[in-house]
Amino acid sequence: DFIRTNHPSDVELAKVYRLIQDAPTAKTRAYGLHLHASILYSLNSVSEAESAFVSAADQWKNLGEKLLQGAALSSAAHLSDRRSDFNRAQELASRAKDLVSDGHHRYFELRLMEFACRRLLSEAMLTDYVKCLDRLSKEYLEIDEVAESVSVGIDVAHGLRAMGKTPDVAVFLPKVESFFGDPGLSLLRGRYYFLAADLAYDSGSLADAMLNLQRAYAEFSSAQKDGERWRVNALVKIANLLSGIGLHQQAFSCLQDALLYVSAREAPSRMASILVALASAFNNAGHADKAELWYSRAEEIQRMLVL
């Protein structure tokens, strides 16, 4: 509610409401619904945005606009994935794939291929997941979608790291230098620094890890879409690092900031990760009883996700 009442796009949202209400044609109404969903997404209203994209898809279906219907369903699937409702995400992605898989809309086909890759991860098939993403990154590059290729390449690198391997960034992030000068790619730059922080930590360079996390946080703060959830990720990482070197109050302060941006309903898995970090910080500070309490609450959320 705080974000929605203070976000500058509230004016735009009001205009979209009027556009939908006063739409002179069904097609104008469909565009209004689609724009409404996009603005809700930018406001981080994940559940509302997902429902709005589904409504837009229904409107496009009535108009026989298969590509736009597929695009709306693809966005809804992405948001279901963010809510950790993976079955719903797969169902929406499957519906979208049937609409765009005609050989003429390769970009949308590749976007939906990401869900097939993520399904492998949810089934604990990490090696196949990395191979799937590596292939996807190369296919994005073949159609000159450099930013998408780099984004997936970052996921490949994280996957390799999870497998205990040290990724060669130069190999898995093709043309990585090309996005550093683009002001519209702050989220991608932030994710690159986030990866660099992980690799620095693995090599034992805590100072470089902290520097890259600070760079990542700054980039995420400039990002219009998805920046908020990545700021939370960065805050949790920074808190873990600070707690590990005995700076407990600073760690608690970071986690307190992270909690301002997350709700258990909109992002349960992210909330659980914050509570685990909070428990770890209390444990490092010598408060085992409080640590146990927050671990238990995190486990409750994780059990709900499994159900």
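Modeller: A residue counts as buried when its relative accessible area is under 20%. The model discussed here is predicted.

Biologist: How many of the 18 residues of α13 are buried?

Modeller: Helix α13 covers residues 227–244. From first C-alpha to last, α13 reaches 26 Å, close to the 26 Å expected at 1.5 Å a residue. The helix is mostly covered, and its count of buried residues is 15.

Biologist: Which residues make the nonpolar surface patch of about 360 Å²?

Modeller: One of its members, I245, sits in the loop between α13 and α14 (248–259). The patch is made by I245 together with Y201, L206 and L247.

Biologist: Which residue forms a salt bridge with D198?

Modeller: D198 belongs to helix α11 (residues 186–202), and its partner, 39 residues apart from it, belongs to helix α13. At 6% relative accessibility D198 is below the 20% limit, so D198 counts as buried. The closest N and O atoms of the pair are 2.7 Å apart, and the partner is K237.

Biologist: Is D81 buried or exposed?

Modeller: D81 is found in helix α5, which spans residues 66–82. That helix is mostly covered, with 13 of its 17 residues buried. The relative accessibility of D81 is 15%, and because the limit is 20%, D81 counts as buried.

Biologist: Which side chain meets that of D81 in a salt bridge?

Modeller: Side chains of opposite charge can pair when their charged atoms come close. At 3.8 Å from N to O, the side chain in question is that of R118.

Biologist: How many residues apart in sequence are R106 and E139, which form a salt bridge?

Modeller: The closest N and O atoms of R106 and E139 are 2.1 Å apart. R106 is partly exposed at 36%, whereas E139, at 17%, counts as buried.

Biologist: What distance separates the C-alpha atoms of A281 and H248?

Modeller: A281 lies in helix α15 (residues 268–284) and, at 2% relative accessibility, counts as buried. Leaving aside residues up to four places away in sequence, A281 touches S243, H248, F252 and L255. Although A281 and H248 are 33 residues apart along the chain, their C-alpha atoms are separated by 6.7 Å.

Notes
Residues are numbered from 1 along each chain as its sequence is written. This is a predicted model: local features need pLDDT of at least 70, side-chain atom pairs count only at pLDDT 80 or more; totals for chains, interfaces and linings use all residues. Side-chain values use heavy atoms; hydrogens and water are left out. Patches are made of residues with over 30% relative accessible area and no salt bridge: like charges are joined within 9 Å, nonpolar side chains (Val, Leu, Ile, Met, Phe, Trp, Tyr) within 5 Å. Accessible areas come from the Shrake-Rupley method with a 1.4 Å probe; for residues, only the protein chains shown count as cover. A salt bridge is a side-chain nitrogen of Lys or Arg within 4 Å of a carboxyl oxygen of Asp or Glu. Helices (H or I, at least four residues) and strands (E, at least two) are DSSP runs, numbered from the N terminus. Buried means under 20% relative accessible area, exposed over 50%, partly exposed in between (1.4 Å probe, protein chains only). Contact means heavy atoms within 4.5 Å. The expected span of a helix is 1.5 Å times one less than its number of residues.
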